[in-house]
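Please look over the sequence and the 3D structure shown here, and then read the short report that follows.

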Amino acid sequence: QVQLVESGGGLVQPGGSLRLSCAASGSIFSINAMGWYRQAPGKERELVADITSGGNTNYADSVKGRFTISRDNAKNTVYLQMNSLKPEDTAVYYCNANVVSGTRIYYAMDYWGKGTLVTVSS
């Protein structure tokens, strides 16, 4: 079993910054892509950014130039640096990871964290 634990959410004023972290633990052989998704009230969950094991990144158009995703493979941790936050960034942010587990037989599964709330308001 694999657990993803997010941290770093909170209340911030418009224009402010927050840094989210997500640490994976458990039965991990390796981790493929890791990413951040968000879900605002009344809306569907959407991709914010993701990053491959090799460091290639992908961002939603709405956050390009403001958010930066990074990862520390040694720590099985992914980060999301969020700058110039806007009220429309308010949402629950979820961490996702495609994790390879096993011993002689390996398999990949997607795992989700429980989410961390980010509120952007004055």
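## A buried arginine and its partner

In this predicted model, arginine 66 has a relative accessible area of 11%, and because buried means under 20%, arginine 66 counts as buried. Its side chain meets that of aspartate 89 in a salt bridge, with 2.7 Å from N to O. This pair links distant parts of the chain, since arginine 66 lies in the loop between β6 (57-59) and β7, while aspartate 89, 23 residues apart from it, lies in the loop between β8 and β9. Aspartate 89 is also buried, at 1% relative accessibility.

## A network of salt bridges

Salt bridges that share partners join Arg38, Glu46, Arg66 and Asp89 into one network. Within it, arginine 38 forms a salt bridge with aspartate 89, and the closest N and O atoms are 3.0 Å apart. Arginine 38 belongs to strand β4 (residues 30-39), 51 residues apart from aspartate 89.

The model has 4 salt bridges, and one of them joins the side chains of aspartate 61 and lysine 64, at 3.1 Å from N to O. Aspartate 61 has a relative accessibility of 65%, and therefore counts as exposed.

## An open sheet

Four strands form an open sheet in the order β1-β3-β8-β7, with antiparallel pairing. Its edge strands, β1 (2-7) and β7 (67-72), each pair on one side only, and the twist from one strand to the next averages 15°. Strand β7 is joined by 6 bridges to β8 (residues 77-82), the two running antiparallel, and phenylalanine 67 has methionine 82 in β8 as its bridge partner.

Technical notes: Residues are numbered from 1 along each chain as its sequence is written. This is a predicted model: local features need pLDDT of at least 70, side-chain atom pairs count only at pLDDT 80 or more; totals for chains, interfaces and linings use all residues. Side-chain values use heavy atoms; hydrogens and water are left out. Two strands pair if DSSP finds at least two bridges between them. Axes are lines fitted to C-alpha atoms, for helices over the stretch in contact, and angles run from 0 to 180 degrees between N-to-C directions. Buried means under 20% relative accessible area, exposed over 50%, partly exposed in between (1.4 Å probe, protein chains only).
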